[in-house]
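Dear colleague,

Please find below the structure for your review. My findings follow directly after it.

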Amino acid sequence: MWSARAEVHQATGMVVAQLHMPANDALAILRAHAYDTTLAEIAHQVVIRQLDFRGDS
């Protein structure tokens, strides 16, 4: 449970850095991408760099 929360926070920070936006907006983007899976899974994909929101990868 704590590790999943930590990964969500880490992924949020990564999206903040990728898109230069506030943390609340970055978390909203992560949640929006979790429509057919879990937030924890989307966060994990971001942390392992499988999912990138910059659009150039």
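**Findings**

Arg49 is exposed, with a relative accessible area of 67%. This residue, Arg49, lies in the segment after α3, which spans 39–47. Although Arg49 is not a glycine, its phi is positive, at about 65°. Please note that the model is a predicted one.

A positive phi also occurs at His20, where the value is about 55°, and this residue is not a glycine either. His20 sits in the loop that links α1 (2–19) with α2 (23–33). Its relative accessibility is 72%; because exposed means over 50%, His20 counts as exposed.

**Packing of α2 and α3**

The second topic is the pair of helices α2 and α3. Their axes come within 8 Å and cross at roughly 115°. Angles of 65 to 115 degrees count as roughly perpendicular, and α2 and α3 are therefore roughly perpendicular to each other. The crossing of this pair, α2 and α3, is right-handed.

Which residues of α2 and α3 meet? On the α2 side they are Leu27, Leu30, Arg31 and His33, and on the α3 side Leu39, Ile42 and Val46. Sorted by class, the contact of α2 with α3 comprises five nonpolar residues, one polar and one charged.

In short, the points I would draw to your attention are the positive phi values at His20 and Arg49, together with the right-handed crossing of α2 and α3.

With kind regards

Note on methods: Residues are numbered from 1 along each chain as its sequence is written. This is a predicted model: local features need pLDDT of at least 70, side-chain atom pairs count only at pLDDT 80 or more; totals for chains, interfaces and linings use all residues. Side-chain values use heavy atoms; hydrogens and water are left out. Helices (H or I, at least four residues) and strands (E, at least two) are DSSP runs, numbered from the N terminus. Buried means under 20% relative accessible area, exposed over 50%, partly exposed in between (1.4 Å probe, protein chains only). Axes are lines fitted to C-alpha atoms, for helices over the stretch in contact, and angles run from 0 to 180 degrees between N-to-C directions. Angles under 35 degrees count as roughly parallel, over 145 as roughly antiparallel, 65 to 115 as roughly perpendicular and the rest as oblique. A crossing is left-handed if the near helix is turned anticlockwise from the far one by less than a right angle, and right-handed if clockwise. Contact means heavy atoms within 4.5 Å. Ala, Val, Leu, Ile, Met, Phe, Trp, Tyr, Cys and Pro count as nonpolar, Asp, Glu, Lys and Arg as charged, and the others, Gly among them, as polar.
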